[in-house]
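Please read the following report alongside the sequence and the 3D view, which are shown next.

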Amino acid sequence: MKALVTDYEGVEHSVDFPPEWPLMEAIKAAGLPIKAECGGCCLCATCHVYVAADWVDRLPPIDGEESSQLGEAPDVLPQSRLACQLKGHAALDGVRVTLAPVY
Amino acid sequence: MIQTDAIIVGAGPVGLFAVFELGLLGLRTHVIDVLDKPGGQCAEFYPEKPIYDIPGLPACTGQELTDNLMRQIRPFEPVFHFGTCAQRLEELPGSRWRLTTDDGLVFEAPAIVVAAGGGSFTPKKPPIPGIERFEGHGVDYAVRRIEALRGQRVVISGGGDSALDWTIALRDVASRVTLVHRRTEFRAAPDSVRRMMALAEQGQIDFLLGEVNSVQADGSELCGIGVRTEGGLVDLPCDRFLPFFGLTMKMGPVGEFGLALQGGRIVVDTEKFESSRRGVFAIGDINHYPGKLKLILSGFHEAALMAQQAFRYARPEERLLFQYTTTSTRLKEKLETT
């Protein structure tokens, strides 16, 4: 499975997105500059991504922890998600995201 | 100037355990940390979250691990310097190092142990154009002196404990406190949120739903902020703006110590965990070597091996006798106090 990730320079990369992997780890493994400083514990909001409009409704819903962390990230939009909370799954094959600003 | 055997930069779990391993070999330590408390990420990011992969501890929280490590190292009498950041490292003649902190503390030792984790914690700064012009005079990321805020119009932004606690605490000091937060949900303790909402209802403070997106100047002074709300842009006159968005980690001055780096981490060998400069070690999340895993338990192992080499630098005239804590009378006597 793949995810299409646009970096801070606006370049889109196709990255491996294995089943059960958090998208954050898939992006990190591809060598893209995602900060993700708490290591996937949903504690820092530094793996903030914008999900492409046509994918937003196909993702699992945001839970309380993710929502509260997103509340502290800069430039949050309706399509904002934390990449550590999106797990690889057939339904997400080909998901498109853009790295969002972090503090 | 403080002379000691080893200076440990970072009081996270690995820095704390380095006190233990160096202490077993009879070396004295001073520990520096930018936070105001021990524990590093364990204390700052996940004090309440359980950790399940510490050998022999089926489950413990970040805070419990920190508290236990503090108890475990107490017999070695480490000296802690909190709220200060290692700023400069200089090599001295005779295989010694001088380390200076941002508030002017000067240390000298034969061994420097960088256990700085993901870097030093610094306040998250909101991406508001021009905000840096007012830092320290108008915009502050922490309250240092409450009196400086007396009679001032204060705007606080954020939804965590710092934002809520200061909103409540400053209402009797400031002439007016306004809390700006993007949502009606908060990360802060529910009790603080209830108190803040009650104060807002009584008209003692203001709560504004929105996001600060500009700062306004009168000459060189801050005179207000702009807030993007659902109803459009709102200008809020104020004297002080306090953004409280938590902390983030930056490598900071350690990156300027002249050590070989790879991917923002300090390159070490896997025998002594020594950097490219003799006598400067790096252990825990801050280091890099083939096969590195960022695990607390790996950092503990690295601390033990580092200590062997640090001993050789600190006590070049002595031979190192390897002893187990279970069999050494000297160590047992020392450790019985825990």
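A polar contact is a pair of N or O atoms within 3.5 Å, where, within protein, one atom must be able to donate a hydrogen and the other to accept it, and residues adjacent in sequence count only if both atoms are side-chain atoms. Between chain B and chain A, nine residue pairs are in polar contact, both residues being at pLDDT 80 or more. This is a predicted model, in which local features need pLDDT of at least 70 and side-chain atom pairs count only at pLDDT 80 or more, while totals for chains, interfaces and linings use all residues. Residues are numbered from 1 along each chain as its sequence is written, chains are lettered from A in the order in which they are written, and side-chain values use heavy atoms, with hydrogens and water left out.

The interface can be summarised as follows.

| Interface item | Value |
|---|---|
| Residues of chain B in contact with chain A (heavy atoms within 4.5 Å) | 22 residues |
| Residues of chain A in contact with chain B | 18 residues |
| Buried area of chain B and chain A (accessible area, 1.4 Å probe, lost on being put together, summed over both) | about 1,700 Å² |

Of that buried area, 47% lies on carbon and sulfur atoms. On the side of chain B, the residues B:Phe45, B:Arg182 and B:Arg187 lose the most area to chain A, together 32% of what that side buries.

One salt bridge, meaning a side-chain nitrogen of Lys or Arg within 4 Å of a carboxyl oxygen of Asp or Glu, is found across this interface. It joins B:Lys49 to A:Glu65, whose closest N and O atoms are 3.5 Å apart.

Chain B is divided by an automatic or database assignment into domain 1 (2-121 + 248-335) and domain 2 (126-245), and their centres, taken over C-alpha atoms, are 38 Å apart.

Note on methods
Buried area = accessible area lost by both parts, 1.4 Å probe.
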